[in-house]
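Let's take a walk through a protein model together. Keep the picture open and find each residue as it comes up.

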Amino acid sequence: MRKITVIVALVLAFFILFVPGYILWITWKSPEPIPAVITPNTRNSSRFLAATPTELSQTVANALFPEAGNEAPDGTIRVPADNWQAGVAAAPLIRWVNAPLIMDESISTVRVETSAPNVPSEFSPNDAASLAAQIDAATASIAGSPTTNVLLVAENPGYAIPAAYWAAQSGDTVLFADNELPEPTRQALLRRNGNARIYTLGVDGRSLGLDEFGTYQNLSASNDITAALSMAEFYDEDNDFGWGFDLNNFGWRVDSHYNFVLANRDLPEMAIAGVSLGRFGKYGPLLWTEGDRLPILTSQYLWKAKPEYYTNPVEGPFNHIWVLGDYDIIDSAVQGRADTSQEISEYRSQGDYGLSGLEMLLVIWIVAGIVSAIWLILYSWRRLPQISTMMLATWGLLGLVFGPVGVWIYSMSYDQAPWKKDGIMASWQRPSFNAVMSASAMNRGFDGPLMLVISWIVTFLGLPLVVFQGPLFWLGNSMMWGIYISYFGALLLHWLVMHAGMFMMGSDRTYGQAVKRAFLPALVSMTAMAVGMMGFMWWIQMVNLGSMPDDDELLWWGTTLVSIAVGWLVALPFDALLVKHDIQPGDM
């Protein structure tokens, strides 16, 4: 019987160690080789194949407005192709004129082609600050008054161009400043009569003395990448300013979708050539990338933006990424990584490409379980040689499943407890509570892993379905049959191997006598545990997750482990009664 117990324990330990490792391997293994790129458009991203700012801006405009009609723009905004500052300053006109921005190699001024009234046809870009102030005056004429919200940015493309994408969406003015406030910028701010709401990016509002013009708020940014992320995340609800794509807000996924524009941080003219995407079509904020790699911060932000559905992938939401430029400007690997980050998956996980927070916690728990089991076995071998082989196996299994909790109960069971030899096995004199916890741990050390492994095998092989007619049709449900098989399979092994073996080794009973003696405690404790475990598993998997996880998902393993813990709590009062009436020993 001792050999059979050890064999069963080793089989259970193998599965408990193998299955999570296998799931992690299929999650982290190298993906299949990507075939040659035959299209610039993938499932979650679209690329504008263009090598110059002029070509790119025209391609974007054609994509946003493929033909005339009710959706046709009201004109065209043209800026010099080699002047990104002009594009930033002109970005608010996209909103007020309702027209795309085109980079033009043949001009040196900003030109607006439209039949709309009160719109100047040309602006001369003597310098960035003067041009921005001119355009601010023009938008005030179109809107009837100056915009209250103002973006004050450094004359640095990494900071200014992300701001331009919001200006294209909102029509808010963009003004330039550096260490000092240029006079044209000062005059434009004075036009607000002290009511300006200023948002700075790349400049310090306090050092520039912005209090005299109204209120100001510095958007946090340490470099161009964080500047783009700050623009994407920031939202002032009181003044309706900013994209508000703050992915640390846990409620955002439920009813929202997001789109992003990916541009090479070293080519500012290419980035501003796509600024119309801040206003039209699947509009969204600009994010910076390297030409041959996706920066870590941008990648992390995109992975946080990963869309997730609740019951069916067709319900969305769906995100999209625009990639600006050909493959010499942004490599296909960058597009592939960004595209993968936006692939929709179940809300409970990160799909096949990563681990959710819950799954990472489970990985930590699995590692803690392995360490706990090793410690329990080695400590018992070294310091408590009087523990029987069967109990050694039981504590090892308990450590694998319950981790540090198993170590705590082990310490409670043996620390400063006097022991004596009782038949083949040693017995310990324990206080009542410690005796109950020890007896319950002995039960859960076998029946918990048994139900865990049998449940996984049944799920792996495929759950059976039996059709019943009438009001009891639900008894033929696949999950119900999985419960039946797991319960009765675990009960038989728990009763005939572990419990019977314990009663044989703790007395002079024959195996037949031990089987009779073990039936009641095994049935009561195991049934109570199974009711709590299976009830909670049904609730968490079928009600809260919406569907039962697959056998190769860590979430299946994790929810089952939590369900075993719930089953343990349900069984504890029954274990206490069994120990109190000397039906279940608490001194092993």
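A couple of ground rules come before the tour. This is a predicted model, in which local features need pLDDT of at least 70 and side-chain atom pairs count only at pLDDT 80 or more, while totals for chains, interfaces and linings use all residues. Residues are numbered from 1 along each chain as its sequence is written, and side-chain values use heavy atoms, with hydrogens and water left out.

Let's begin with helices. Helices here are DSSP runs of H or I with at least four residues, strands are runs of E with at least two, and both are numbered from the N terminus. Find helix α7 (residues 224–233) and helix α9 (residues 296–304): they pack at an angle of about 25°, and their axes are 10 Å apart. An axis is a line fitted to C-alpha atoms, for helices over the stretch in contact, and angles run from 0 to 180 degrees between N-to-C directions. Angles under 35 degrees count as roughly parallel, over 145 as roughly antiparallel, 65 to 115 as roughly perpendicular, and the rest as oblique. So α7 and α9 are roughly parallel to each other. On the α7 side, the contact (heavy atoms within 4.5 Å) is made by Ile225, Thr226, Leu229, Ala232 and Glu233, and on the α9 side by Leu297, Thr298, Tyr301 and Lys304. Sorted by type, the residues of this contact of α7 with α9 come out as five nonpolar, two polar and two charged. In that sorting, Ala, Val, Leu, Ile, Met, Phe, Trp, Tyr, Cys and Pro count as nonpolar, Asp, Glu, Lys and Arg as charged, and the others, Gly among them, as polar.

Helix α9 also has helix α10 (residues 332–341) as a partner: their axes come within 8 Å and cross at roughly 30°. That makes α9 roughly parallel to α10. Here Ser299, Leu302 and Trp303 of α9 meet Arg337, Ala338, Thr340 and Ser341 of α10. The residues of the contact of α9 with α10 split into three nonpolar, three polar and one charged.

Now for the rings. Across the whole structure, a search turns up 31 aromatic pairs. To pair, rings of Phe, Tyr and Trp (its six-membered ring) need centres within 6.5 Å; planes under 30 degrees apart count as stacked, over 60 as edge-to-face and the rest as tilted. Phenylalanine 48 and tryptophan 322 make a stacked pair, 5.2 Å centre to centre with 25° between the planes. Phenylalanine 48 is in strand β1 (residues 45–48) and tryptophan 322 in strand β13 (residues 320–324), so this pair ties together parts that are 274 residues apart in sequence. Both phenylalanine 48 and tryptophan 322 are buried; buried means under 20% relative accessible area, exposed over 50%, and partly exposed in between (1.4 Å probe, protein chains only).

Compare that with tyrosine 487 and phenylalanine 488: their ring centres are 4.9 Å apart and their planes sit at 70°, so the pair is edge-to-face.

The charged end of arginine 95 sits over the ring of tryptophan 96, 4.4 Å from its centre. Arginine 430 does likewise over the face of tyrosine 414, at 4.9 Å from the ring centre.

Let's finish with some single residues. Leaving aside neighbours within four places in sequence, serine 45 is in contact with Pro40, His320, Ile321, Gln335 and Asp339.

Threonine 139, in helix α4 (residues 128–143), is buried as well, with a relative accessible area of 1%. Not counting residues up to four places away in sequence, threonine 139 touches Pro92, Leu93, Trp96, Ser145 and Thr173.

For a contrast, go to glutamine 416 in the loop between α13 (404–414) and β15 (419–422). Glutamine 416 is exposed, with a relative accessible area of 77%, and has a positive phi of about 60° although it is not a glycine.

How values were computed:
Lys NZ or Arg CZ within 6 Å of the ring centre and 35° of its normal.
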